[in-house]
Amino acid sequence: MIRLVVLVTSFVILHSSFAAERPNILFIFSDDHALKGIGAYGGEGNVAKTPHLDQLAKDGMLFRHCLVTNSICGPSRATVLTGKYNHINGFPDNSSVFDNTQQTYPKLLQKAGYQTAVIGKWHLETDPTGFDHWMVLPGQGSYWNPDFITAEGKKQIEGYCTDVITDEALKWLKDGRDQTKPFMLCYWHKAPHREWSPGLSELKLYDDITIPEPPTLFDDYEGRASPAREHEMGIDKHMTLHSDLKMPIPGDDLPGSGAKRSGWYNRMTPAQMSAWDAHYNPIYAAFQKANLSGRELVSWKYQRYMKDYLATVSGVDRNIGRVLEWLKENGLEKNTIVVYSSDQGFYLGEHGWFDKRWMYEESLHTPLIVRWPGVVKPGSENKDLVSTLDFAQTFLEIAGAPQPDDMQGRSMVPLLKGEKVPDWRTAHYYHYYEYPAPHHVAPHYGVRTETGYKLVHYYDRNEWELFDLNKDPHELKSLYGNADYASVQESLLLQMKELQVKYKDTNPTAPPPKTSKKAFGGKGNPNKAKGKGKKKAE
Ligand code: SGN
Ligand code: CA
């Protein structure tokens, strides 16, 4: 009997000391966050106020080239969870459903003894699996007084979405988890997704700043293949005054009357509405007086867009500050790896656009900042081509869990340790499918190399683009077919074909395997909700 007690006790001690050694993972993910929307990334015209993310970069490693495999929400999340391209994981576009019976890294972490949770935006239609605790927004979710789907059903929580997600994340960290195990928390924000709705405390944050316009705000789309001209994401033609820019719908009465702006406005409490009115109504009054048109109107819309977008980002930053402070106060700072990223980048006026989807740089790149005390050198930078495809295996290696052979990425742990990895990828493969869909971006695949070349194939019309990013960083002039680039073109084509074989995208022009709602039946998700429809331009 005594021997048994000793044995059990030593197992418990051994087990808990192993648990204590393995780091916690706080995975912060936002939605549509461009690199230029984080102060630490710098760059021309960057005025983002993100002190906590900037500090995270000072304490950790900032990746300059973290690239997505498909620049859109659901597909990108499916890749993050599975470590696989979308033609393998069955989620090529936002009308897919996630087959939640498949292998994901949270399931493998759970098996390895981690406590796992996801709180916030999910957008994969089926219920989360592989999580000890989950609480997710239905579809796109709402900024104001959001609904959540939980294992117990739907509930609405009063407040601003970014604050509410943080409150719930802190609740789980404090009281919800099994504290004898290491944790992996997916703390996933809706912000700063369209309609870029700032929290009340950030409404005025950018009032006194004129945001520099990007050099391509008035792009004419010459010099490229036809899809760029066919876009439906122009600040000029497709950004709406009332819904996107929060101006009261023309014809409705102004202040104090509860003038409608858009659907979400009616979700607000009277107090939220009046703070909103107090901010936007004078802006609207001045706008009406100015009677702008043409380029002046585009410049005005750009300013409004950026002020709201950046204020929404600053709300995420403020809340990240709350969580980091909590980790510190509770002695968890040293043993918790903090990862900040987004499902993709975004256009902040480049090419005259908002939204994402393209393989052009701003939406191909996504932010990645990692703080790992004692391992990552503070203030370091990495320029390798890493990808959201690599996240799953990175988390598994961190947890000391095996990496399945069928995952298609590679663990970034050696890079985080500051090691040079001679056989790291030198070219990244991309494949976007959703079409015609909102914003009208033709399907394409392509390759982007470490040396700064990019080849894109719009395969539904067999048009190509080739860019030399060293000479043409804004991607304004395709060099496809240019005799001076013949050998570059040939090499890019070869690399692209090799990657298609490597990643098993061998019939890339055919419709990809897709887990459809019909086939899968939205299994396990009785509460699934749809995203919002397309809006009319003004
Ligand atoms: C909605 C948005 C689009 C956005 C898609 C996908 N329209 O349809 O602007 O591109 O989501 O976004 S909105 O009227 O709802 O704002 S994603 O992040 O979910 O992929
Ligand atoms: Ca997104």
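**Lining by class.** I sorted the residues lining the largest cavity and got 8 nonpolar, 1 polar and no charged. I counted Ala, Val, Leu, Ile, Met, Phe, Trp, Tyr, Cys and Pro as nonpolar, Asp, Glu, Lys and Arg as charged, and the others, Gly among them, as polar.

**Basis.** I am working on a predicted model, where local features need pLDDT of at least 70 and side-chain atom pairs pLDDT 80 or more, while totals for chains, interfaces and linings use all residues. Residues are numbered from 1 along each chain as its sequence is written, and side-chain values use heavy atoms, without hydrogens and water.

**Cavity.** I searched the whole structure and found 1 cavity of 30 Å³ or more. A cavity here is a set of points on a 1 Å grid over the protein atoms alone where a 1.4 Å probe fits but cannot get out; lining residues have an atom within 4 Å of a point. The volume, taken as the space filled by probe spheres set on the points, joined across faces, edges and corners, is about 50 Å³ for the largest cavity. Its lining includes Val339, Thr394 and Met412. The largest share, 4 residues, comes from α10; helices are DSSP runs of H or I with at least four residues, numbered from the N terminus.

**Cores.** I then looked at nonpolar cores, sets of buried Ala, Val, Leu, Ile, Met, Phe, Trp, Tyr and Cys joined through side-chain atoms within 4.5 Å, with buried meaning under 20% relative accessible area (1.4 Å probe, protein chains only). The largest has 72 residues, and Leu26 and Tyr305 are among those touching the most other members. α8 gives the most to this core, 15 residues. A second, separate core of 46 residues includes Ile398.

How values were computed. Chains lettered and ligands numbered in written order. 1 Å grid on protein atoms, 1.4 Å probe; cavity = no way out; pocket = protein on both sides within 12 Å on 5 of 7 lines; lining within 4 Å. Helix = DSSP H or I, 4+ residues; strand = E, 2+ residues; numbered from the N terminus. Buried < 20%, exposed > 50% of the residue type's maximum accessible area, 1.4 Å probe, protein only.
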